[in-house]
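Here is a protein model to explore together. Have a look at it, turn it around a bit, and then read on.

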Amino acid sequence: MPTTQPPYYITTPIYYVNDRPHVGSCYTTLLADCAARFMRAAGRPVFFLTGTDEHGQKVEKSAASRGLTPKALADENAAHFKTAFQFLHCSFDHFIRTTDAAHEAQVQEALRRLIKSGDVYLGTFEGWYDEGQEEYVTENQAREKNFKAFNGQPLVKAKEHNYYFRLSAFQKRLEEFFEKNPGFVRPEARRNEVLGRFKEGLQDVPVSRTSFTWGVPFPKEIEGADRHVTYVWIDALFNYITALDLLSVSPAPGGGDVAPRQRGQPPLASFWPAQVHAIGKEILWFHAVIWPALLMALNLPTPHCIYAHSFWIRDGKKMSKSLGNFIDLETIHAYCNAFSVDAWRWFMLTQGPIEATDADFSHPKFVEAYNADLANGIGNASSRVLNMIEKYFAGAVPDPQGNSNHAGHDWPALAQSSLASATSAMEHFDLAGALAAAMSLSKRVDAYIVATEPYRMAKDQAKMPEVGLVLYHCAEALRIAATLLACAMPAKMSDVLQRFGQEPPRPDGSFSRPLSELCKWGGLKPGTRVVKGEGLFPRADSDAPPPTPTPP
Ligand code: ME8
């Protein structure tokens, strides 16, 4: 689709390979996928990046405990992440791995530039270290946390000769930047947390380690840098720009499995700066403070928004391996098999911790949302309307004869406002708001059927033109709702669109025309053949036990 619309670049965190995918990593990736699909449907060129963070001591140790090389462990688990995200129909454009040669070369280039500019220097540091998170915490934080690490283990006092990034020199610039860009960190509560921490004063951060070898080595030509490998966090943050070849020293495109640029597609570099870095709240400081400062030091533009969602928890408790209450891939598979991948996506996207509070995962909550929104919601509305068109109009969409306003429903205005609200919400990464705006059209259809009772009118032959009018409006509203909801439920909404004789979205979520055209009232042609088909979302029994976890 030729387009003059601005590029949209969205990323997820790159996930540690010493763990398998679980509800958390799948959640953030689903959020990004939904936004990416919507923006492609809107006609914007999109680059959606996800991937794996493969260096560091934790990976080195996990691999050793299994008798594997770190790379072999990384290969194994990177493949698990990729497969899990594909299973959930995530349409990423590139899966970056920090062991990709193109990434490593660009990280070294960043270090060269930062050392040259004096923003990175060699120094000594002593402080409280969280071994699990591979990060130092300040004296204040250590005290607040009772000298416990994120995983509950004691913090350790560590001393290192390291290269440091002169973060302290960016305090004023960052404060001004936050002032000028109130939407940089979202939601608002997260922004306030960062602002609060600014008051403690920014300290320089170590960017190298000598305590292990599994990392990107410092460039050889830098004196005194042998044995120093790049601190895993700095290596990781750069993925957002190395994936676009922004620091490439050679003109050749980067490695990895990025799809070759096709004619008419914008150059990779034009995607920077990112619209959204979607992350979890625990890694906000790196993204909200260290990352923009690194970019400022490199004279590169800063991203538009860091969106830090909260956590999925279970029965009011944090999910952890030791509690054994993690929603793992086996559980996700079981739900997808029992209710469909799209039902899982819908639950994640609409009931998740997108805002500042954690969200509890519970089976009754899943069944309630599934029945309310899908089985009794859009699934039921579609079946009823398709059934009636089949029964009363021999399966051909009736002709509304130019009437679009009926029984107090101004349908073109409703469709227009649904599109406008969904678009504006999506631009603000308010996914639940965008999906609610789209779903409201389907709810309107229910209310309209209740108010007009077409099945009763159909008993009177003289009222058939009005029945046709009602059913046209219902079908057209459902077509538009399904078009807007395809970013959340690509397979099921493709099915709905096809039943109404419409073209489904492409596998990446784009359509042959942008949403602004597709969602105009009146796109459904009278006479189009419809197909009733099987029930889309069979009702779930709220008394049945949760599905049994199944291996992928
Ligand atoms: O932190 N609920 O990787 P990671 C919701 N490699 N989301 C959750 C979650 C939960 N309970 N648990 C995890 C790292 N997540 C670094 C990132 S980025 C330059 C480097 C999600 O494997 C959430 O997005 O620990 C969180 O930020 C991410 O997984 C952490 O993944």
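This is a predicted model: local features need pLDDT of at least 70, side-chain atom pairs count only at pLDDT 80 or more; totals for chains, interfaces and linings use all residues.

E4 and E5 run antiparallel and are joined by 3 bridges. Across that pairing, Trp128 has Val137 in E5 as its bridge partner. These two strands make a hairpin with 4 residues between them, and in this hairpin Glu134 has a positive phi near 55°.

Next comes the pairing of strand E4 (residues 120-130) with E6, which is antiparallel and runs over 10 bridges. Here Tyr129 sits opposite Val156 in E6. Strand E6 (residues 156-165) also pairs with E8 in the antiparallel sense, this time over 2 bridges. If you want to spot that pairing, look for Phe165, which stands opposite Val205 in E8.

E2 and E3 run parallel, joined by 4 bridges. To find this pairing on screen, look for Leu49, whose bridge partner in E3 is His94.

**Salt bridges**

How many salt bridges does a search of the whole structure find? It turns up 18 of them.

| Salt bridge | Closest N to O distance |
|---|---|
| Asp93 and Arg40 | 3.0 Å |
| Arg97 and Glu54 | 2.6 Å |

Take the pair formed by Asp93 and Arg40, a salt bridge with its closest N and O atoms 3.0 Å apart. Asp93 is in the loop between helix H3 (70-87) and strand E3 (94-97), while Arg40 belongs to helix H1 (residues 23-42), so the pair ties together parts that are 53 residues apart in sequence. Are the two partners buried or exposed? Arg40 is buried, with a relative accessible area of 5%, while Asp93 is partly exposed at 26%.

Then there's the salt bridge between Arg97 and Glu54, at 2.6 Å. Arg97 is part of strand E3 and Glu54 lies in the loop between strand E2 (46-53) and helix H2 (57-65), so this pair links parts that are 43 residues apart in sequence. Both Arg97 and Glu54 are buried.

Asp358 sits in the loop between helix H12 (341-351) and strand E15 (359-361), and Lys281 in the loop between strand E11 (276-280) and H10, so the pair ties together parts that are 77 residues apart in sequence. Asp358 is partly exposed, at 34% relative accessibility, and Lys281 is partly exposed too, at 23%. Elsewhere, salt bridges with shared partners join Glu54, Lys71, Asp75 and Arg97 into one network.

**Two helices that pack**

Two packed helices are described by the angle between their axes and the distance between those axes. Helix H11 (residues 329-339) and H12 pack at about 120°, with axes 6 Å apart. That angle makes H11 oblique to H12. On the H11 side, Ile332, Tyr335, Cys336 and Phe339 make the contact, and on the H12 side Val341, Ala343 and Trp344 do. By type, the contact residues are 7 nonpolar, no polar and no charged.

**One glutamine to finish**

Last stop: Gln275, in the loop between helix H9 (239-242) and E11. Why does Gln275 count as buried? Its relative accessibility is 17%, and buried means under 20%. Leaving out residues up to four places away in sequence, Gln275 touches Pro7, Tyr8, Tyr9, Arg44, His304 and Cys305.

Notes
Residues are numbered from 1 along each chain as its sequence is written. Side-chain values use heavy atoms; hydrogens and water are left out. Two strands pair if DSSP finds at least two bridges between them. A salt bridge is a side-chain nitrogen of Lys or Arg within 4 Å of a carboxyl oxygen of Asp or Glu. Buried means under 20% relative accessible area, exposed over 50%, partly exposed in between (1.4 Å probe, protein chains only). Axes are lines fitted to C-alpha atoms, for helices over the stretch in contact, and angles run from 0 to 180 degrees between N-to-C directions. Angles under 35 degrees count as roughly parallel, over 145 as roughly antiparallel, 65 to 115 as roughly perpendicular and the rest as oblique. Contact means heavy atoms within 4.5 Å. Ala, Val, Leu, Ile, Met, Phe, Trp, Tyr, Cys and Pro count as nonpolar, Asp, Glu, Lys and Arg as charged, and the others, Gly among them, as polar.
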